[in-house]
Amino acid sequence: MITQQEFIEKASQIHSYKSVSGVEYANVTVNGGKLTGTRQSTGKPFEISLSKLYLGYKTLTENGQKITTSALKPFVDRVQSPSLGLLDAMGLL
């Protein structure tokens, strides 16, 4: 299990990625514990709380649960798909 600081450092190295269903996210940056970016298909911005995503990742991993968009919903509601894609891009799935 990586620490929250290592998690944020890994996320900081990602500048674009795809969701597990192929949606592209670009202009990805980390600032103040938040990851922001743009959905390429719609041009709309999104924001992910890295502390909430880390909590979801840690909780689900420790409980042996599969990490899916549905499982992430209680932690990062409304940005589950970009969150799951980020975990995949970070090599944590």
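**Salt bridges, core and helix packing**

With a relative accessibility of 44%, Asp 77 counts as partly exposed, a class that lies between buried (under 20% relative accessible area) and exposed (over 50%), as computed with a 1.4 Å probe on protein chains only. The model is a predicted one, in which local features need pLDDT of at least 70 and side-chain atom pairs count only at pLDDT 80 or more, whereas totals for chains, interfaces and linings use all residues. Residues are numbered from 1 along each chain as its sequence is written, and side-chain values use heavy atoms, with hydrogens and water left out.

The side chain of Asp 77 meets that of Lys 73 in a salt bridge, at 2.8 Å from N to O, the term being used for a side-chain nitrogen of Lys or Arg within 4 Å of a carboxyl oxygen of Asp or Glu. Lys 73 is likewise partly exposed, at 43% relative accessibility. The structure holds 2 salt bridges, and another pairing is that of Lys 34 with Glu 47, whose side chains meet at 3.9 Å from N to O. This pair links distant parts of the chain, since Lys 34 belongs to strand 3 (residues 34-39) and Glu 47 to strand 4, 13 residues apart; helices (H or I, at least four residues) and strands (E, at least two) are here DSSP runs numbered from the N terminus. Lys 34 is partly exposed at 33% relative accessibility, and Glu 47 also falls in the partly exposed class, with a relative accessible area of 46%.

The largest nonpolar core comprises 25 residues, and Phe 7, Tyr 17 and Leu 35 have the most contacts inside it; such a core is a set of buried Ala, Val, Leu, Ile, Met, Phe, Trp, Tyr and Cys residues joined through side-chain atoms within 4.5 Å. Two or more residues are given to this core by each of helix 1 (4-12), strand 2 (24-31), strand 4 (45-49), helix 2 (50-62), helix 3 (69-72) and helix 4 (80-89), and helix 2 gives the most, with 5 residues. When neighbours within four places in sequence are left aside, Tyr 17 is in contact (heavy atoms within 4.5 Å) with Val 23, Glu 24, Tyr 25, Val 28, Leu 35, Phe 46, Ile 48, Pro 82, Gly 85, Leu 86 and Ala 89.

Helix 2 and helix 4 pack with their axes 11 Å apart and at an angle of about 70 degrees, where axes are lines fitted to C-alpha atoms, for helices over the stretch in contact, and angles run from 0 to 180 degrees between N-to-C directions. The two helices are therefore roughly perpendicular to each other, a description that covers angles of 65 to 115 degrees, whereas angles under 35 count as roughly parallel, over 145 as roughly antiparallel and the rest as oblique. Leu 50, Leu 53 and Tyr 57 of helix 2 make this contact with Ser 83, Leu 86 and Leu 87 of helix 4. By class, the contact has 5 nonpolar, 1 polar and no charged residues, with Ala, Val, Leu, Ile, Met, Phe, Trp, Tyr, Cys and Pro taken as nonpolar, Asp, Glu, Lys and Arg as charged, and the others, Gly among them, as polar. Helix 4 is mostly covered, with 7 of its 10 residues buried, namely Gln 80, Pro 82, Ser 83, Leu 84, Gly 85, Leu 86 and Leu 87. Just after helix 4, Gly 91 takes a positive phi of about 75 degrees.

Most residues other than glycine have a negative phi.

In helix 2, Ser 51 is partly exposed, with a relative accessible area of 39%, and is in contact with Gln 4 and Gly 33 once its neighbours within four places in sequence are set aside. The C-alpha atoms of Ser 51 and Asn 63 are 18 Å apart in space, for a separation of 12 residues in sequence.
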